[in-house]
Amino acid sequence: MAVARRVRIVLGAILVPLLVAAGVGVAMLWPSHAVQVDALQTAKARGVVLSIARCAERPDECDRALVKVTAGEGTGTEVDARVVKHPLVPRVQPGNRILMQVSPEAGADERYKYVDQDRGRPLLLLVGIFAAAVIALSRWRGLAALGALAVTAVVLTQFVMPAILTGGDPLLVAVVGSFVIMGVTLLLTHGPNVQTAISMAGTAGALVLTAGLGELFVRGSRISGLDGNGASEVASYVPGGVNLQSLVVAGLVIGALGVLDDVTVTQTAAVWELSAANPSARRRELFAAGLRIGRSHVASVVNTLVLAYAGAALPLLMLFAITGTPDAYVVSLETVATQIVNGLVGSLGIIAAVPLTTALAAAAVGQSQAHATR
């Protein structure tokens, strides 16, 4: 399909500097040292529970588990592990695979402590089923999508998190990392073509808007970030601390990226198909038709995004319901307000992505009014 030369030039002028800047940003923000805190490092072990007996000294408070260590400290030996009894801690049974914390300096009776169930095998099985389903349905493209997912995991774990922990501004790191993930993911799954370039441009524009709105409303709502899971603990171990408000916005940007990719790719593909069905369609007609498709897509995607954030806060909302806390009071609490800002700002980014991407795609393949009336 013929693509307007002017659009190719504009896309190149937008994307080339953007991707170069993202690469430079990664180089400049790359963590300069390890992020582990020595004082927090503890030995770990995994094992299979052989038998359970009550603690002789405190039978109502703990059990003693005889465990065959399969990995970590003491591999191949049988050890005695202390298991705390608590209504909120699942009971350990013979045959369970468990995770343990090891204190080498402690006495033999206190050296191994139960931490949690070892869920490695069922999770690995789930990953295998997921990968097989993706490849079965999408074949080579599905394999490319799994590769893109692996790249996303690497960028998040090897760049985004370490860069923030070594003092980088969380929002800047998140935006740079998101541009890298966006570029690699779209190129791997959809190939280097004009459709991909339009999707990337639409995603980048919406992502910048999302970051700006997130910064504005997180600060305007006076969200401190202290209510985030583990945020204050993390900040206390980072030299110079972490800007927790910026960290909230960074999480918002990364959370919205996957949905934005989906919307922009879908909109670009819709306009391409509309143009293929009617090659003489004018740009305005393609834009209007693509926007009609986008409205339906946005309605469902926005609902999905808001429900995802609401689901994250569901246990807390249930607690408020039990205590009879008034709704107007609940929504102003930081934990709930953070989810509201995340959901609504992310949705605004999605809404902006639709007309932006649709306009770029229509300009690329649509006929000008003068050409269409010849």
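These are my notebook entries on a predicted model of one protein chain.

**Ground rules.** I number residues from 1 along each chain as its sequence is written, and side-chain values use heavy atoms, without hydrogens or water. Since the model is predicted, local features need pLDDT of at least 70 and side-chain atom pairs count only at pLDDT 80 or more, while totals for chains, interfaces and linings use all residues.

**Entry 1: the whole chain.** I looked up the secondary structure and found eleven helices and five strands. Helices (H or I, at least four residues) and strands (E, at least two) are DSSP runs, numbered from the N terminus. The C-alpha trace spans about 95 × 50 × 40 Å along its principal axes. Of the 374 residues, 39% count as buried. Buried means under 20% relative accessible area, exposed over 50%, and partly exposed in between (1.4 Å probe, protein chains only).

**Entry 2: strand 4.** Which strands pair with strand 4? I found strand 1 (residues 43–54), antiparallel over six bridges. Strand 5 (residues 112–117) also pairs with strand 4, antiparallel over five bridges. Two strands pair if DSSP finds at least two bridges between them. I noted two partners: Ala 43 bridges to Val 102 in strand 4, and Gln 101 stands opposite Lys 113 in strand 5.

Next I checked the faces of strand 4 (residues 97–102). Ile 98, Met 100 and Val 102 make up the covered face. Arg 97, Leu 99 and Gln 101 make up the uncovered face. In a regular strand the side chains alternate between the two faces of the sheet.

**Entry 3: salt bridges.** How many salt bridges does the structure hold? I read off seven. A salt bridge is a side-chain nitrogen of Lys or Arg within 4 Å of a carboxyl oxygen of Asp or Glu.

I looked at Lys 85 and Asp 63, which meet at 3.4 Å, N to O. Lys 85 lies in the loop between strand 3 (78–84) and strand 4, and Asp 63 in strand 2 (residues 62–72), so the pair ties together parts 22 residues apart in sequence. Asp 63 is buried at 5% relative accessible area, whereas Lys 85 is partly exposed at 22%. Asp 63, Lys 85 and Arg 91 are linked in a network of salt bridges.

Then I took Asp 80 and Arg 64, with their closest N and O atoms 3.2 Å apart. Asp 80 sits in strand 3 and Arg 64 in strand 2, 16 residues apart. Arg 64 is buried at 10% relative accessible area; Asp 80 is partly exposed at 29%.
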